[in-house]
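Take a moment to look over the model below.

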Amino acid sequence: AGRAPGRGFRDRPAARGFVRRMRDRIAGGPGPAGLAPEGRENLAMKSVIENAGRIIVKVGSSLVTNEGRGLDHSAIARWAFQIAALRALGKEVVLVSSGAIAEGMLRLGFGSRPHDIHELQACAACGQMGLAQIYETSFKAHGVKTAQVLLTHADLADRERYLNARATLTTLLRLGVVPIINENDTVVTDEIKFGDNDTLGALVANLIEADALVILTDQRGLFSSDPRKDPDARLIERAQAGDASLEAMAGGAGSNIGSGGMLTKVLAARRAARSGAHTVIAWGREPDVLTRLAQGEAIGSELQATTTRLTARRQWMVDHLHTAGEVVLDAGAVQKLTQEGKSLLPIGVIAVKGEFGRGQVISCVSEAGKLIARGLTSYTSSEVRRIMRHSSHEIEAILGYIEGPELVHRDN
């Protein structure tokens, strides 16, 4: 539910021919550039992207800015075209884009990445303008609407802001919009100094429970050693995300344009795997890389998650979060949660213990005190005390607003 792209691009008659051309192209049919012969040979090892319904695509600074020479309009246009093709096939795509600081450096005349934090923030502010403009123009050419979303790691660490970000992104996807995410470098400090958008891409994959994370970089994938120094370095085509040996292979820093190297990508894959998302690391200038991955061609390095999304989410809820309070449920609510897999509604709550805010983890217990579930609450403890034992359609009349009919949604 909620995964189908919204009305818009695909529903307009003028776009139907584009959808057909995309399907033909990805199938290697009558389109101008199907798979290259060597690509077809690679189909024996299928890419996980073929069956992924929700995908995070992350592109690095060196690609977006052509190694710091300025925004690469042609490359961005190609990625926009491919993402439009993926959407035409029914896939949901979120783009995480680096490049704001690098573009700002060019605009402000910096020859190398500044060390002063405020100069970095100034670069980010200037560069973000150009970045948003070129993405808007590139996607508009294919009838695709875009939205700019600026996040920090702190936004995803705070439970209430986490839920707000999740709701916004899933709503944009439902409406057929491609969210374009960047780190809000103009207001943070340590994220600029130590952070990277590989990690942000993984956090977004966790946030919206994406099926896959595709990291486009200036390398063809993860190698057994540095291919720039070792002629015998071999491409790691498939491995398990979180394998400790991968970190040793990844080495250190990448280009002097961005802040991440191959190691950050390996660590991002490990983080994405916690919610069941697979990761593909591939060369961003590989022709039709996204559409070929969508057809099932194995490109670059695929780091597979060993945990399904449901199991990963349960582990995250049970093992890593401490509850801020608890609600006591009547027998009917206990049955709904344990036997029918339903959401918790306010009418099933008979008592509230502790003080908690919206988006915090609370325990749901029976009248006998037995722990029934843990979940993220959509309402504060004071709000729950006012709406408990009331039906959901009464919430707005009682509070003057409504965050949703559920106290704890079954997905949370």
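Predicted model: local features only at pLDDT ≥ 70, side-chain atom pairs only at ≥ 80, totals over all residues.

Residues are numbered from 1 along each chain as its sequence is written, and side-chain values use heavy atoms, with hydrogens and water left out.

Start with the sheet. Eight strands form an open sheet with mixed pairing, in the order β3-β4-β2-β1-β5-β7-β8-β6. Helices (H or I, at least four residues) and strands (E, at least two) are DSSP runs, numbered from the N terminus. Two strands pair if DSSP finds at least two bridges between them. β3 and β6 (238–240) stand at the edges with a single partner strand each, so one side of each has no neighbour in the sheet. From one strand to the next, the twist averages 20°. At one end, β6 pairs with β8 (residues 301–304) in the parallel sense, over three bridges. There, Gln240 stands opposite Gln304 of β8. Helix α6 (residues 117–140) packs on the sheet and touches β1 (54–59), β2, β3 and β4 (178–183). Contact here means heavy atoms within 4.5 Å. The direction of α6 makes about 150° with that of β3. Axes are lines fitted to C-alpha atoms, for helices over the stretch in contact, and angles run from 0 to 180 degrees between N-to-C directions.

Now look at β1. Six of its six residues are buried, so β1 is largely enclosed by the rest of the structure. Buried means under 20% relative accessible area, exposed over 50%, and partly exposed in between (1.4 Å probe, protein chains only). Arg54, Ile56 and Lys58 lie on one side of β1, and Ile55, Val57 and Val59 on the other. β1 pairs with β2 in the parallel sense over six bridges. The bridge partner of Val59 in β2 is Ser97. β1 also pairs with β5 in the parallel sense, over five bridges. Here Ile56 stands opposite Leu213.

Which residues touch the most other members of the largest nonpolar core? They are Ile56, Leu151, Ile181, Val204 and Ile208, in a core of 43 residues. A nonpolar core is a set of buried Ala, Val, Leu, Ile, Met, Phe, Trp, Tyr and Cys residues joined through side-chain atoms within 4.5 Å. Elements that give two or more residues to this core include β2 (92–97), β3 (146–151) and α8 (159–174). Apart from it lies another core, of 36 residues, among them Ile55, Val59, Leu131 and Leu290.

Next comes helix α15 (residues 331–339). Ala333, Val334 and Leu337 are buried in α15. They cover an arc of only 100° around the axis, which puts them on the same side of the helix. The arc is that of the directions from the helix axis to the C-beta atoms. On the other side, Ala331 and Gln339 are exposed. Asp330 caps the N-terminal end of α15, with a side-chain oxygen 3.2 Å from the backbone nitrogen of Gly332.

Finish at Ser391, in the loop between α16 (381–387) and α17 (395–399). Its side chain makes a polar contact of 3.0 Å with the side chain of His393. A polar contact is a pair of N or O atoms within 3.5 Å; within protein, one must be able to donate a hydrogen and the other to accept it, and residues adjacent in sequence count only if both atoms are side-chain atoms.
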